[in-house]
Amino acid sequence: MAMAALRREGKRVSTLIASPNPVNSLRSSLAPSEEQVSFGVRSISTQIVRNRMKSVKNIQKITKAMKMVAASKLRAIQVRAENSRGLWQPFTALLGDTPSIDVKKNVIVTISSDKGLCGGINSTSVKMSRAIHKLNSGPDKEGKYVILGEKAKAQLIRDSKKDIEISITELQKNPLNYTQVSVMADDILKNVEFDALRIVYNKFQSVVSFLPTTATILSPEVVEKEAEAGGKLGDLDSYEIEGGETKSEVLQNLTEFQFSCVLFNAVLENATSEQGARMSAMDSSSRNAGDMLDRLTLTYNRTRQASITTELIEIISGASALEG
Amino acid sequence: MFRQAAARILSRSSRAAAARARPFSTDLPAAASPDETFVEAWKKVIPNIEPPKTPLSFMTPRPATPSSIPSKLTVNFVLPYASELSTKEVDMVIIPASTGQMGVLPGHVATIAELKPGVMSVHEGDKVVKYFVSSGFAFVHSNSYADIIAVEAVPIDQLDPALVQKGLADFTQKLNSASTDLEKAEAQIGVDVHSALNSALTG
């Protein structure tokens, strides 16, 4: 009985002796492969730092690759966006630009991207859409959302779920073309009642900058009413209208065509801004990863050097002790 | 010069909407002024976010209607994938409006016209460039600007007569065998476009 108690006590003492420094025990628990360090060698572990360095290097590789992909996609889509810029200008010249128009049924068409990791373009368009919704809200007015793209949907569904009329995703699976966009515009026009459509998108300016923009499209009835009342669209009455049975029929065709053209340009501009924003976001994160890697390398080398120095000191002092 | 400018101001003061008019034609094109009321309303409701841009601020402003008819017509001809002509000065364009061919010269009355499939020709001196356009709209403004928007357009010398004949035959056959209204309408459109193409090539 007493012997057993003594043995148990002895074991406890021996475990205390076996782990003379806490660093060693920590290391052994983290990296079991390095178990065979002989007793008394007090080297500092570099395993954790090495693992960290490897993972940072891998992340940097991925972000660099994403930047390259975004750059090549940007080049292709930027040309198309710039070529489509002529498309909406005749409509603005004819029907003017009326963001301040005060109508009952406002539909906000928010354009965003399907994929993330592209800086702030999606939250910018969501913020703008919310602000326009607030600006055009009133007791007898209603504001609805039509959402293009996964990211704006995820953000707007949280607080304005009941106002979302349609959400369309996976727009950019195939390269954007006019036919596809006009079919989509047709879908929106068929399923939504509106007096004014407000398209919110990011206009591409340069790789590092994009401008949140809102384009306004009025329904044919509102156009006709405004034209008769004078005001901003007063010029429209001086135009002779050819083709079609009635004036309202032509105006309907005109506004539908306007919507598809403006939407086409808006979708392209937003896609270009997305690639530009992704490129600069990935560029900065590659740079950050590089900085981090430099810091870690410095730490790693210092630690290694420190352990070598310690070992040297131990050997030399041991030798001098023997001599003396 | 100033006398002219004064005359222009006078002629314009009768016009109600002089919102985006420039004060003098000799001035540099001023930055298009965005909708002031919109910016004010925005700043009142949402003071902490900059108001978004509007399309007008990305456009070069158009000149006001001059008092005398200019000698040239300024044409913008745009497609979804290209700006075929942009602010090009020409003598005349002939547009395939849905009511018939429409010749537009400088000083043409302001018009909005729907287009049908047909030949659009641009006359510049002795040179005539012909395009086949599918559909779209044409706006002629009183300041001798013409905007033509088409969904698809090709220069006429790039059309293949053999393919046009084949397409015409195909669609005529389809029209005869069509059973539903939708099929019939689609075939009718095909026949219309191909016969327009055919007459463009032969005519």
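Biologist: At what angle do helix α7 (residues 178–191) and helix α9 (residues 247–323) of chain A pack?

Modeller: This is a predicted model. In it, the axes of α7 and α9 of chain A lie 9 Å apart. The angle between the two helices is about 125 degrees.

Biologist: Which term describes how α7(A) and α9(A) are set to each other?

Modeller: Angles over 145 degrees count as roughly antiparallel, and 65 to 115 as roughly perpendicular. The angle here is about 125 degrees. The two helices α7(A) and α9(A) are therefore oblique.

Biologist: Is the crossing of α7(A) and α9(A) left-handed or right-handed, and which residues of α7(A) make the contact?

Modeller: The crossing of α7(A) and α9(A) is right-handed. On the α9(A) side, the contact includes A:Phe257, A:Phe259 and A:Phe264. By class, the contact has 11 nonpolar, 2 polar and 1 charged residues. From α7(A) come A:Tyr178, A:Val181, A:Ser182, A:Met184, A:Ala185, A:Ile188 and A:Leu189.

Biologist: How are α3(A) and α9(A) oriented to each other?

Modeller: Helix α3 of chain A spans residues 47–83, and its axis comes within 7 Å of that of α9(A). They cross at roughly 160 degrees. Angles over 145 count as antiparallel in rough terms. That makes the pair α3(A) and α9(A) roughly antiparallel.

Biologist: How many charged residues are in the contact of α3(A) with α9(A)?

Modeller: The crossing of α3(A) and α9(A) is left-handed. Their contact has 18 nonpolar and 11 polar residues. The charged residues number 10.

Biologist: What area is buried between chain A and chain B?

Modeller: In the contact, 46 residues of chain A meet 44 residues of chain B. Carbon and sulfur atoms give 70% of the buried area. The area is about 4,000 Å².

Biologist: Which residues of chain A lose the most area to chain B?

Modeller: Three residues stand out, together giving 15% of what the chain A side buries. They are A:Leu135, A:Tyr239 and A:Glu242.

Biologist: Which residues of α2(B) meet α5(A)?

Modeller: Helix α5 (residues 121–135) of chain A packs on helix α2 (residues 36–45) of chain B at about 95 degrees, with axes 10 Å apart. That makes the two roughly perpendicular. The contact divides into 8 nonpolar, no polar and 1 charged residues. A:Leu135 is one of the α5(A) residues, and the α2(B) residues are B:Phe38, B:Ala41, B:Trp42 and B:Val45.

Biologist: How many salt bridges does the rule find across the interface of chain A and chain B?

Modeller: Over all chains the count is 17 salt bridges. Across the interface of chain A and chain B, the number is 0.

Biologist: Which side chain meets A:Lys141 in a salt bridge?

Modeller: The N to O distance is 2.7 Å. A:Lys141 sits in the loop between α5 and β2 of chain A, and its partner in the loop between α4 and β1, 39 residues apart. The partner is A:Asp102.

Definitions and conventions. Residues numbered from 1 in each chain as written. Chains lettered and ligands numbered in written order. Predicted model: local features only at pLDDT ≥ 70, side-chain atom pairs only at ≥ 80, totals over all residues. Heavy atoms only, no water. Axes fitted to C-alpha atoms, helices over the stretch in contact; angles between N-to-C directions. Helix = DSSP H or I, 4+ residues; strand = E, 2+ residues; numbered from the N terminus. Parallel < 35°, antiparallel > 145°, perpendicular 65-115°, else oblique. Left-handed = near helix turned anticlockwise from the far one by under 90°. Contact = heavy atoms within 4.5 Å. Nonpolar A, V, L, I, M, F, W, Y, C, P; charged D, E, K, R; others polar. Buried area = accessible area lost by both parts, 1.4 Å probe. Salt bridge = Lys/Arg side-chain N within 4 Å of Asp/Glu carboxyl O.
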